[in-house]
Amino acid sequence: MGAGHLSVEYDPRPSAVREARAEVRRQLEGWGLADLDGLADVAELLVSELATNALVHSASRFRLTLSAAHGILRCEVRDHGNRVPRVLDAGASESGRGMFLVEALSQRWGCHQDGPGKTVWFELATCGSECSRS
């Protein structure tokens with residue numbers, strides 16, 4: 001329970017974001033992680049933000065990779081764009097909140113260049129309240 005790996009590629013169409021969210025929920029349920037302190041809800045929200053960024057800013061296929069091991073869920077979205085995401089002040093703007101949410105809700109996140117493209121990732125704890133007892 002709580003360990004696994006999945007990688008899925010999506011075409012650049014609006015329904016891909018919904019499909020990626022559904023895949024996150026399905027996988028976390030399969031790995032026995034869906035009911036941990038809202039983990040699935042947060043993972044779905046943050047994957048939705050990264051997938052939306054991939055579609056809006058690179059207009060390319062993107063790959064969602066999930067891995068769970070050692071008390072950490074790592075979610076990655078790889079696209080063919082080269083625009084590195086930035087955390088913007090949420091303010092009153094209509095857009096730009098995605099990476100603000102990723103930074104606020106994840107344990108940590110980052111981005112690295114990947115040949116012709118980039119991978120944006122975040123990590124969430126999967127051990128719930130047990131983490132604080134370690």
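**Figure 1. Aspartate 37, an exposed residue in the loop between H1 and H2.** In this predicted model, aspartate 37 has a relative accessible area of 65%, so it counts as exposed, the cut-off being over 50%. Its backbone deserves a look too: phi is positive, at about 40 degrees, although aspartate 37 is not a glycine. The residue sits in the loop that links H1 to H2.

**Figure 2. Leucine 33, a buried residue in the loop between H1 and H2.** Leucine 33 lies in the loop between helix H1 (15-30) and H2. With a relative accessible area of 3%, leucine 33 is buried.

**Figure 3. Alanine 59, a non-glycine residue with positive phi.** Alanine 59 is found in the loop between H2 and strand E2 (62-69). Its phi is about 50 degrees, a positive value in a residue that is not a glycine. Is alanine 59 buried or exposed? At 56% relative accessibility, alanine 59 counts as exposed.

**Figure 4. Helices H2 and H3 where they pack.** The two axes are 9 Å apart, and the helices pack at an angle of about 145 degrees. Their crossing is left-handed. From H2, the contact is made by Val42, Leu45, Leu46, Glu49, Leu50 and Asn53; from H3, by Gly98, Met99, Leu101, Val102 and Leu105. Sorted by type, the residues of this contact are eight nonpolar, two polar and one charged.

**Figure 5. The buried face of helix H3.** Which residues of helix H3 (residues 98-105) are buried? They are Gly98, Met99 and Val102. Seen down the axis of H3, these buried residues fall within an arc of 90 degrees, so they line one face of the helix.

**Figure 6. Leucine 6 in strand E1.** Leucine 6 belongs to strand E1 (residues 4-10). It counts as buried, at 15% relative accessibility. Leaving aside neighbours within four places in sequence, leucine 6 is in contact with Glu23, Gln27, Trp31, Leu64, Thr65 and Leu66.

**Figure 7. Arginine 74 and its two glutamate partners.** Arginine 74 is in strand E3 (residues 72-79). Its side chain makes a polar contact of 2.8 Å with the side chain of glutamate 76. A polar contact of 2.9 Å joins the side chains of arginine 74 and glutamate 123. Not counting residues up to four places away in sequence, arginine 74 touches Thr65, Leu66, Ser67, Arg108, Trp121, Phe122 and Glu123.

**Figure 8. The protein chain behind the close-ups.** To place these views, note that the secondary structure comes to three helices and five strands. Along the sequence they follow the pattern β-α-α-β-β-α-β-β. Of the 134 residues in the protein chain, 41% are buried. Among contacts with a separation of 6 or more, 60% come from residues 24 or more positions apart.

Methods:
Residues are numbered from 1 along each chain as its sequence is written. This is a predicted model: local features need pLDDT of at least 70, side-chain atom pairs count only at pLDDT 80 or more; totals for chains, interfaces and linings use all residues. Side-chain values use heavy atoms; hydrogens and water are left out. Buried means under 20% relative accessible area, exposed over 50%, partly exposed in between (1.4 Å probe, protein chains only). Helices (H or I, at least four residues) and strands (E, at least two) are DSSP runs, numbered from the N terminus. The arc is that of the directions from the helix axis to the C-beta atoms. A polar contact is a pair of N or O atoms within 3.5 Å; within protein, one must be able to donate a hydrogen and the other to accept it, and residues adjacent in sequence count only if both atoms are side-chain atoms. Contact means heavy atoms within 4.5 Å. Axes are lines fitted to C-alpha atoms, for helices over the stretch in contact, and angles run from 0 to 180 degrees between N-to-C directions. A crossing is left-handed if the near helix is turned anticlockwise from the far one by less than a right angle, and right-handed if clockwise. Ala, Val, Leu, Ile, Met, Phe, Trp, Tyr, Cys and Pro count as nonpolar, Asp, Glu, Lys and Arg as charged, and the others, Gly among them, as polar.
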